[in-house]
Every structure is written in structure tokens, then in C-alpha cells.
Amino acid sequence: MNMNDNFKIPVLAAPLQGVTDNVWRMAQHEVFGGVDAYYAPFMRVEHGEVRRKDLRDVNPERNAGITLIPQILACQPDHAMMMVDALKLMGYSRIDINLGCPFPPIALHRKGSGMLAYPDLVEGLFKALAAVDEVEYSVKMRIGWDRNDQWRDILPLMEMLKPVNIAVHPRIGKQQYKGDLDIEQFEALLAASSCPVVYNGNLRTVEDIEATIQRYPKIAAVMVGSGLAANPGMFVPDAAPGDYRRFHDLLVDGYTEQLNGGEAQLVRHLQDIWQTFLPGTGRKLFKAIRKSRTLEQYETAAAAALADVENALKNAFSDESADSGDPDFS
Ligand SMILES: Cc1cc2nc3c(=O)[nH]c(=O)nc-3n(C[C@H](O)[C@H](O)[C@H](O)COP(=O)(O)O)c2cc1C
């Protein structure tokens with residue numbers, strides 16, 4: 001795995017269902033980069049088969065040139081096996097196990113973070129997965145479902161699976177994405193784990209990452225989710241202003257090609273991107289994006305918002321050169 005030039009440990013792009021799909025990943029990689037490996041949003045079995053949409057998203061042809069780690073979400077070993085078999089057929093030998101999803105319809109069915117309250121189910125799943133040849137795993141988890149010490153019953157089960165690493169988001173599932181991170185429990189888990197641990201949570205800037213690496217020299221990697229969705233150029237301090245426009249246009253092209261529900265679906269999807277993308281976008285500009293009904297209206301509104309970002313970047317650059325201490329010959 002290539003190391004990010006900025007840090008001594010790898011940077012992993014967290015999976016965000018509905019955001020970091022193959023179109024987003026390829027655009028981020030092409031325009032900005034700085035990510036060592038991308039995790040795909042979780043795959044699942046529905047109506048007795050692996051969702052086709054999920055399989056399409058991880059198709060190697062749609063992920064050329066990047067390191068992609070597909071993720072599976074299952075509680076039943078037979079469902080997990082269906083996904084593992086499908087991924088092996090596609091040539092994958094590394095698969096991530098989701099023990100973190102907090103979404104109630106999933107967690108209340110004892111999947112994702114909901115499974116953390118049932119170590120016996122995790123044991124059954126790990127046992128089946130560990131028996132598969134030629135595949136190595138990683139685990140992405142929270143510290144618990146409804147208690148912050150439930151990881152203590154899960155950690156010993158890792159011996160069976162021997163994951164490459166465990167990415168930990170230090171919240172319990174019931175918190176969803178709200179409330180404080182439980183750093184005390186993260187530190188206890190880090191100290192207790194014999195597997196490499198990846199830190200994941202609220203890393204929004206390069207400085208946040210540097211501070212985390214300094215605070216936890218033992219971590220194997222950092223994983224960045226919402227921070228990278230908000231600013232896909234976070235690892236490129238000198239991103240050219242036009243880069244955000246180029247990134248955005250690659251999304252428009254990609255979704256125009258891959259979504260086949262007509263213009264209304266395309267516009268809705270593009271609008272949804274702005275729920276996480278460039279959260280500093282002014283209220284009026286954001287509202288115009290939300291209100292657009294046709295692709296033409298959307299493109300006009302998005303162009304205005306992107307021009308605003310580009311201006312802000314240009315100003316930042318000219319401020320920097322003014323502060324650079326270059327001799328003034330005037
Ligand atoms: C909209 C959304 C979708 C997510 N989808 C997934 C997913 O498919 N698989 C997963 O393991 N985590 C998923 N997560 C959790 C993130 O990968 C990550 O663990 C979490 O956002 C915390 O990291 P951050 O503070 O850097 O965003 C999702 C989070 C959000 C907000």
C-alpha cells in the first residue's frame with residue numbers, strides 16, 4: 001500500500017453509503033488523491049441475493065487504478081458467504097466486515113453495530129468467515145451498540161478472524177452520529193488490542209490527522225469519512241481553484257451515465273451530494289441548488305456555488321502570497 005506523502009501511516013477513505021460510490025471514488029482519485037485505500041459502502045443480501053447495485057459498485061472495471069476494499073454487512077453466516085463468494089469471483093482477496101452501521105432498521109436486526117450486543121452472533125459469523133481460503137479481513141466497528149464497553153466481549157473473538165486491522169469509530173451505535181466521541185474507551189481498546197487499530201472519527205483537516213497520529217503512535221492508519229466528503233481536496237493544500245469544478249463535473253458525467261431513472265433522479269442525486277459536499281456553501285447558493293427541478297437549473301445553481309468556492313480559494317492563495325515574506329520591490 002502506498003503511503004500518503006503527508007503522513008507516515010496510510011490514509012483510508014471511509015465508506016459513506018450514498019456518497020463514496022465508484023463515481024465519487026474515481027473523481028476524488030483523479031482530481032485530488034492522497035488516499036491510500038477506499039472502503040466501499042456496505043454490500044448486503046436482499047431477497048435472497050446479493051444486491052446487484054452493490055456488485056456493480058465494486059466491479060473492478062469501475063474502480064480501475066485505486067485500491068478498493070469492499071465491505072459486507074451480514075449477521076447470518078450464509079448471507080456473508082454469498083457476498084464473500086461473489087467478491088472472490090471478482091478477484092478480491094481482502095474484505096471488510098461492517099460491525100458499525102447504527103441505522104436502526106439495520107442495527108435492530110442485529111446487524112452492523114447492533115451485532116456488538118450479541119458476541120455469540122459475531123462468533124458464528126467470524127467462524128464461518130475464517131474458514132474461507134485466500135481471503136483476509138478487516139473489521140470496521142463501533143465501541144458498542146448500547147454500552148460503551150461491549151467491545152470488550154468482541155475483541156477476544158478477533159483471534160479467530162485475525163483481521164488485518166480493526167477500524168474503530170469511538171461512539172456507540174445508539175448515538176448514531178451525535179454526541180461526543182468516547183476517547184477513553186478508544187484508548188482502552190487500543191491498549192488491549194493485539195490487532196492493528198485504525199482510528200476513525202471527526203478528522204476534518206490534515207492538522208487533525210497529524211494531531212491524532214502524534215497522540216496515538218500505535219495506530220496503524222487513519223480513516224476519514226465526512227471530512228473528505230466535505231472537502232475531497234483536503235490532502236491537496238494547493239488545489240487549483242478549477243479542481244472543485246472538475247471534480248463536480250466528473251460526478252455529473254458519472255451519474256449521468258450510471259443512473260437510469262431519468263432527469264429527476266439525476267437532479268435529486270446531485271442535490272443530495274451537497275448535503276455533505278462543501279458545507280461552507282452560502283445559504284442562498286445552497287437553496288438554489290435544492291430548489292432546482294431540471295438539470296439545466298441545477299447546473300446553473302451548482303456553477304454559481306462552485307464559482308464562489310473558486311473565488312474563496314483564489315483569495316486564500318493571494319492572501320498566502322501576500323504573507324509569504326517575498327521581498328517587496330515596489
Ligand atoms: C451518510 C453516511 C453513510 C455511511 N455509510 C457507511 C457504510 O456503508 N459503511 C460503514 O462502515 N460506515 C458507514 N458510515 C460511517 C463512516 O464510514 C464513518 O465511520 C463515520 O462517518 C465516522 O467517521 P467521520 O467522522 O470521519 O465521518 C456512514 C456514515 C455516514 C454519515
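This is a predicted model: local features need pLDDT of at least 70, side-chain atom pairs count only at pLDDT 80 or more; totals for chains, interfaces and linings use all residues.
Residues are numbered from 1 along each chain as its sequence is written.

I will begin with overall dimensions. The C-alpha trace spans about 70 × 50 × 35 Å along its principal axes. Two residues are in contact if their C-beta atoms, placed from the backbone, lie within 7 Å. Among contacts between residues at least 6 apart in sequence, 72% join residues at least 24 apart.

Next, the secondary structure. The chain has 14 helices and 11 strands; these are DSSP runs numbered from the N terminus, helices being H or I of at least four residues and strands E of at least two.

In what order do the strands of the open sheet come? The order is β5-β2-β1-β11-β10-β9-β8-β7-β6, nine strands with parallel pairing; two strands pair if DSSP finds at least two bridges between them. At the edges are β5 (68-69) and β6 (71-72), each of which pairs on one side only.

Strand β6 runs parallel to β7 (residues 94-99), and two bridges join them. Here I72 stands opposite I97 in β7. Then β8 and β9 pair in the parallel sense over five bridges, with V168 in β9 as the bridge partner of M141.

Is β8 enclosed or open, in terms of its buried residues? Eight of its nine residues are buried, so β8 is largely enclosed by the rest of the structure. Helix α8 (residues 183-192) lies across β8 (136-144), β9 (166-172) and β10 (197-200), running at about 150 degrees to β9. That angle is between N-to-C directions on a scale from 0 to 180 degrees, with axes as lines fitted to C-alpha atoms, for helices over the stretch in contact.

Now the core. A nonpolar core is a set of buried Ala, Val, Leu, Ile, Met, Phe, Trp, Tyr and Cys residues joined through C-beta atoms within 7 Å. The largest one has 83 residues, and those with the most contacts inside it are I72, V168, V198 and V222. Helix α14 (residues 295-322) gives this core its largest share, six residues. I72, not counting residues up to four places away in sequence, touches F42, M43, A80, M83, V84, I95, I97 and N98.

On to the domains. The domain assignment gives domain 1 (11-230) and domain 2 (243-318); such bounds come from an automatic or database assignment. Their centres, taken over C-alpha atoms, are separated by 28 Å. Across the boundary, 11 residues of domain 1 are in contact with 13 residues of domain 2. On the domain 1 side, α1 gives the largest share, five residues.

Seven of the 10 residues of α1 (residues 22-31) are buried, so the helix is largely enclosed by the rest of the structure. The buried residues are N22, V23, W24, R25, A27, Q28 and V31, and they pack against β2 (37-39), α2 (52-58) and α11 (242-258). Just after the helix, G33 takes a positive phi of about 75 degrees.

Last, some single residues. Q176 has a positive phi of about 55 degrees although it is not a glycine. Q176 is found in the loop between β9 and α8, and it is partly exposed, with 13 other C-beta atoms within 10 Å. N202, also not a glycine, has a positive phi of about 60 degrees. N202 lies in the loop between β10 and α9 (206-215), and it is partly exposed, with 17 other C-beta atoms within 10 Å. E49, in strand β4 (residues 49-50), counts as exposed, with 11 C-beta neighbours inside 10 Å.

Notes. A residue is buried if 20 or more other C-beta atoms lie within 10 Å of its own, exposed if 12 or fewer, and partly exposed in between; C-beta atoms are placed from the backbone.
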